[in-house]
Amino acid sequence: MTSSTYASLLGLGAAVVLLCAVMTLWRRSVGAIVKVLAVQGVALAGVALSIGIDHHDATLAVVAVLVLAAKGVVVPTLITRVVRHDPASRETQPLVNVPASLVAAGALIFLAFAASRSVTALAPTATGRLIPYGVAAMLVGFFALATRRKAVSQIVGILLVDNGIALVAFLATAGVPLIVELGASLDVLLAVVVLQVLATQMRLRLGSLDLDQLSELRD
Amino acid sequence: MTAGSLVVIGAALGAGAGIAGAAMPKRSRAAAAAVLIWAACALEATTAVRVLATGHDVALHTGKLLPFTGINLVLTPLGALFVLLVALVAVPATLFGIGYARHAMDSRSAASAYPVFVTVMLLVPAAASVATFMVLWELMALVSLALVLVDHSRRAAARSAGTWYAVLTHVGAAAILTAFLILAAHSHGQTFSDLELHARAMAPDLRALVFLLALVGFGSKAGAVPFHVWLPKAHAEAPSPVSALMSGAMVALGIYGVVLVGDVLLGGGPMWWWLVVLVLGAASALYGSLHAANNQDLKRLLAYSTTDNIGLVLLALGASGVFNAIGHPRLGALSLVAALVILLNHALFKGALFLTTGSVQVAAGTRDLDDLGGLLRRMPQTGALFLVAAASICALPPLNGFVGEWLLFQSLLHGAHLGNTAGDIAIPIAVAALALTAGLTVAAFVKAAGIGFLGRPRSTGAEAATEVPATMRAGAGLLVASCVVAGVVPMVVVSSVGRAVRAVLPHTGARSLVRGVNLQLVGMKGALAPTILALAMTVAVVAAVALRRVASRRPASRVSEAWGCGRELVTARMQYTATSFAEPVQRVFDDVLRPVRDLDVSHVAESRYMVESATYRLTVEDRVELTLYLPVIRAVRRWGQAARRLQPGSVHRYLIYGLTALVVTLVAVAVLA
Amino acid sequence: MSAAHAAGVVGASAVQVIAVAAGGLVLLGFMRKVRARLEGRVGAPILQSLRDVRKLFRKERIRPDVATWIFPAAPVVLVATVAVAAVMTPLITTQPAMSGGSDLFVVVYLLLAGSTLLALAGMDAGTAFGGMGSSRAVMIGALAEPALLVTILALSVTTHSSNFPAIVRATLANPGLIASPARLFAVAALLIVIVAESGRLPVDNPSTHLELTMIHEAMILEYAGPDLAMVTLGEAMRLALLLGIFVNLVLPWGVATSTTALGLVVGLGALVAKIAVLGGALAFFEVFMAKLRLFRLPELMAGAFVMALLGVVSGLVVK
Amino acid sequence: MRLVASPRHADGLLVTGPVTRNMVGPLIKTLEATPHPRVVIAVGDCACDCGVFRGGYGVVGAVGDVIGVDVSIPGCPPDPTTIVEALRGITGR
């Protein structure tokens with residue numbers, strides 16, 4: 001695979017990951033957000049695969065497939081199952097309205113690029129230059145996590161942050177050792193399962209997945 | 001079968017006892033764990049005796065178990081002495097525990113935590129690297145905390161005792177860890193031998209910081225005055241065999257720490273270090289004995305008397321440091337021997353006192369002296385054991401407390417005229433503190449024994465008290481017997497302590513104090529013949545009994561009511577109670593204790609001059625706790641309230657805190673980079 | 001130790017104990033006689049206290065219904081501990097039995113053992129007076145202890161050892177020691193402590209009948225017959241021993257340094273004379289002294305303590 | 001003749017005045033508290049035969065009626081020499 005196509009492929013993958021993160025802020029309905037998450041998972045797997053091929057690293061390829069399976073397919077289906085049961089959680093009224101959150105996302109992306117300037121200066125390789133994308137995706141994911149009302153979109157927020165971190169990991173260390181990746185993805189799966197159980201419980205107890213009900217729990 | 005493997009097998013047996021404690025059915029749980037604990041103690045004790053006899057250490061290093069550093073245990077003679085001390089207290093306490101388990105310590109968690117506690121205490125003196133020591137130290141603290149909280153569900157006091165104990169122990173542990181880290185930073189490795197090599201090259205003020213941190217850390221575990229506050233609370237709430245172990249063995253490990261850092265790792269130090277230890281010791285001795293004399297709860301009284309005895313040990317330790325610093329190594333060795341002999345004796349008689357108090361609590365249902373009385377008639381063996389143990393803590397001649405006090409007095413006496421001004425001022429004050437403590441200890445324990453065991457029972461519980469099962473009496477009996485043996489034949493104790501001291505202060509050439517039957521001070525005039533003294537006393541008692549029998553014509557003795565000025569009804573309420581007994585001493589030290597007196601009189605409805613009933617209550621609070629600790633607690637609580645406003649309960653607020661923190665750091669990184 | 005020497009030591013110590021016992025009772029009688037004479041009474045004959053003790057031995061023993069084995073044990077242990085202490089102290093000769101282990105510290109703690117057990121026995125009968133007596137005795141003991149130990153320190157500092165015969169020998173060797181300020185302060189403090197330990201005026205009035213003022217007497221209210229005889233004997237021996245210690249520290253002349261028969265007789269004579277003079281003086285002052293209020297005692301004891309401390313400091317400075 | 005603080009230490013009880021109702025108990029208890037061999041001496045007419053108080057509503061009787069009396073000294077009040085003589089009679093001096 002020639003280096004230029006490799007570089008462009010990487011760029012495309014990282015850009016798609018960042019774009020998806022921003023899309024979650026932009027789209028309102030949870031169903032759409034979950035689909036965006038799936039796309040981000042696929043893009044992330046793509047980046048991992050291309051790095052694996054470029055470095056002729058078989059384990060990285062296996063990791064890519066795993067990421068594709070977990071983040072591209074399994075997690076989104078789990079979340080859609082939660083969403084399908086609960087019609088009320090379809091539209092979300094975020095804490096910060098959509099235009100304001102998009103502006104904030106922009107600021108965060110700018111901050112990410114500024115902060116990781118020294119990192120890119122350190123490793124001017126194809127992967128190194130794209131690290132700010134991963135950092136930006138993580139920041140935007142965190143912002144989405146902080147400003148969503150519905151429990152489901154919070155789950156999506158956490159997954160966005162995790163994808164951001166995974167992207168940075170792939171780009172920075174040219175592939176995270178298999179065990180670390182397995183561990184991380186296991187964590188994510190666990191988190192999703194727990195949150196799913198939490199969501200169902202919330203629906204049973206509080207009747208809705210709105211997080212504001214939680215504030216009554218304070219003593 | 002190297003000695004090192006004995007230590008490992010011992011530890012394994014201890015752990016096995018822990019599992020047995022948890023797994024076995026309720027009835028046989030205590031007995032099974034006891035057998036395994038005894039085996040563990042026996043193995044560790046044989047290794048310790050071998051180390052003391054041969055004089056060279058037993059080392060054991062394994063890479064496994066602890067990541068990065070691995071476990072390394074080196075049993076030096078000093079450590080061996082403390083392993084023996086722990087074993088000497090643990091075996092009888094476990095025997096006591098078998099009978100006691102049916103009443104108080106029967107829960108699965110207690111039965112499994114107790115063996116682990118004993119095993120860890122057996123291993124702490126053998127720890128030879130910072131990592132192993134800290135792991136064992138923390139394990140000891142946590143397991144003992146679990147044991148203190150054994151019946152937290154039933155008593156709120158146990159919960160508060162647990163919190164006090166946890167906080168103070170971990171403040172101490174933090175201080176110890178910092179001290180060790182500073183030492184380790186200046187040496188290549190983290191084993192104690194490396195630390196010792198490089199400690200001498202450190203800057204003096206850094207060495208002073210390390211010493212003071214260690215003194216704070218280990219002093220809080222030992223129960224020296226400003227940090228003693230947890231002792232009365234934790235010991236009063238813990239089950240009796242546990243408080244016997246804590247007061248006898250765990251507190252001694254605090255002193256082991258001070259000797260380890262002060263004398264072994266830092267190799268002595270400037271005089272002012274040890275003057276601080278001496279003053280701390282004197283303050284603890286006075287404060288502890290004063291509060292022991294004015295306390296009505298038997299276990300709290302014993303806990304304060306632990307602070308008092310630890311004060312005496314620190315006094316002797318301080319004196320030893322001062323003598324070493326001003327160039328009198330032989331005197332330094334003598335006062336270190338005195339310190340360790342007092343510590344060993346304290347472990348024995350304090351263990352016995354706590355066990356017998358446990359029996360009293362089981363039989364009479366209470367440990368408040370104002371509700372006890374007349375127990376010697378109802379519980380003859382436990383009463384007699386308590387009395388002998390009380391006599392030995394009062395340092396009365398034929399018993400072991402006396403030997404320790406004599407050694408300390410001799411070392412202070414011979415240190416008095418060394419021509420060093422600071423020493424000349426410190427020594428008389430130390431003797432005065434020692435003397436007043438001795439007087440107050442007698443006051444405290446005559447009260448405890450007299451009010452608790454003699455006279456008429458003051459409550460239905462005490463009235464109905466009956467003797468406790470055999471294992472409990474045997475446990476306490478074992479300890480009291482060792483007290484008597486250590487008193488009449490102290491050669492064994494003093495010579496083994498002498499060997500440990502010669503390992504700690506090698507260059508002093510302190511030959512053994514033991515000359516055949518009596519103790520001869522090396523190079524100084526002063527000798528004590530405890531065995532002959534005990535023999536003479538028995539002969540004298542036999543002669544006196546014979547004199548009375550021969551001289552009196554009427555062998556029969558008549559039993560009649562006690563003489564109460566001809567009053568018809570002589571009831572238990574006419575007797576002195578613990579509060580009234582301590583009232584003269586408390587009034588003499590009134591401005592130090594500042595007790596809270598409240599007298600409320602309820603008048604007859606018709607006229608103010610006719611009194612229906614008047615209740616007088618006098619409570620002596622722990623002034624250190626009131627002046628030092630409560631302001632800190634109030635401040636922390638105030639900040640806590642203020643911080644609560646940061647927590648409105650909305651999930652979003654918390655996430656936004658996280659995000660802002662991340663953003664701020666990234667901005668900082670961006671700006672700085 | 002060859003058998004002959006051992007027999008000699010046992011014989012000598014037996015003689016010393018009997019001397020202290022009989023001497024104590026006679027001293028008690030003598031002091032009562034001096035008080036009586038000063039108060040214009042004829043007073044009982046000097047040997048009356050001996051007869052009293054013999055009579056008490058013949059009376060019936062009474063045990064309170066609530067008492068335990070401590071009640072009969074206390075008088076026996078009191079007499080035994082004072083006897084052992086008497087054997088150790090260099091009263092007649094500077095080589096008493098067990099002189100190797102004869103230490104002021106040991107003597108003090110032997111007396112402490114006796115009085116502690118008596119305090120316990122006081123509470124055994126379960127009456128109010130016994131508790132009161134023990135509580136006060138223990139309070140005074142706690143206050144007298146510091147003064148006593150620092151006095152011993154003051155005495156031992158100048159002679160670098162707390163071994164009692166060594167101190168007496170050193171004082172005999174250079175009489176200048178007695179006039180030294182260290183010794184004077186120590187001796188004054190010792191006198192106050194002795195008055196407190198043996199329960200004489202102004203600390204405690206031995207011949208009081210008003211229970212509320214008693215300290216020592218209240219503890220032995222329950223004893224009758226032989227027990228009372230043993231307690232009286234113990235008290236008398238304790239008084240004689242304390243005065244003997246005081247006398248031998250102040251003016252040790254006459255104490256036999258060699259073990260010749262003549263030396264022993266001279267020693268005995270000197271001891272009796274000195275104790276008689278001191279006992280008489282004590283009785284003389286008691287007639288003119290009133291009992292101090294119980295809570296004035298801390299000041300007295302603090303005074304003794306400070307004087308002992310001065311003794312130590314001046315001992316260190318003068319050297 | 002020495003006055004002692006407690007009947008336990010005493011050899012003899014010197015009782016004066018008639019025995020009233022509330023003092024019967026204490027008198028018996030005091031006698032019981034005194035160890036044998038003991039002597040009871042009733043001093044004065046009131047003690048010997050209730051004297052002027054005979055028949056009083058509070059009086060139970062003379063000391064002799066309540067406890068055995070060994071020596072009784074008449075007289076109201078008995079003059080000191082007869083008391084001393086009687087006491088000397090007991091001690092045989």
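Trainee: How far apart are the nearest C-alpha atoms of chain A and chain D?

Mentor: In this predicted model, chain A and chain D do not touch, and their nearest C-alpha atoms are 69 Å apart. Chain A and chain C are likewise joined by no contact, the closest C-alpha atoms of these two chains lying 53 Å apart.

Trainee: Which chains share the most contacts?

Mentor: Chains B and C do, out of the 4 pairs of chains in contact. As a general idea, the size of an interface is often given as the accessible area lost when the parts come together. Here the description is in residues instead, and the contact takes 72 residues from chain C and 67 residues from chain B.

Trainee: Which elements of chain C give two or more residues to the side that touches chain B?

Mentor: They are α2 (48–58), β1 (61–64), α3 (70–88), α4 (104–124), α5 (128–159), α10 (225–250) and α12 (297–318) of chain C. The largest share of this side, 18 residues, comes from α5(C). Sorted by class, the side of chain C that touches chain B has 44 nonpolar, 17 polar and 11 charged residues.

Trainee: How many residues of chain C are in contact with chain D?

Mentor: There, 11 residues of chain C are in contact with 7 residues of chain D, and the residues on the chain C side divide into 5 nonpolar, 2 polar and 4 charged.

Trainee: How should I read the strand β1(C), and which way do its residues point?

Mentor: In a regular strand the side chains alternate between the two faces of the sheet. In β1(C), C:Arg61 and C:Arg63 point one way, whereas C:Ile62 and C:Pro64 point the other way, and all are buried.

Trainee: Which residues is C:Ile215 in contact with, leaving aside neighbours within four places in sequence?

Mentor: Its contacts are C:Gly133, C:Arg136, C:Ala137, C:Ile140, C:Gly199 and C:Asp204. As a further reference point, the C-alpha atoms of C:Ile215 and C:Val203, which stand 12 residues apart along the chain, are separated by 8.8 Å.

Definitions and conventions
Residues are numbered from 1 along each chain as its sequence is written. Chains are lettered from A and ligands numbered from 1 in the order in which they are written. This is a predicted model: local features need pLDDT of at least 70, side-chain atom pairs count only at pLDDT 80 or more; totals for chains, interfaces and linings use all residues. Helices (H or I, at least four residues) and strands (E, at least two) are DSSP runs, numbered from the N terminus. Ala, Val, Leu, Ile, Met, Phe, Trp, Tyr, Cys and Pro count as nonpolar, Asp, Glu, Lys and Arg as charged, and the others, Gly among them, as polar. A residue is buried if 20 or more other C-beta atoms lie within 10 Å of its own, exposed if 12 or fewer, and partly exposed in between; C-beta atoms are placed from the backbone.
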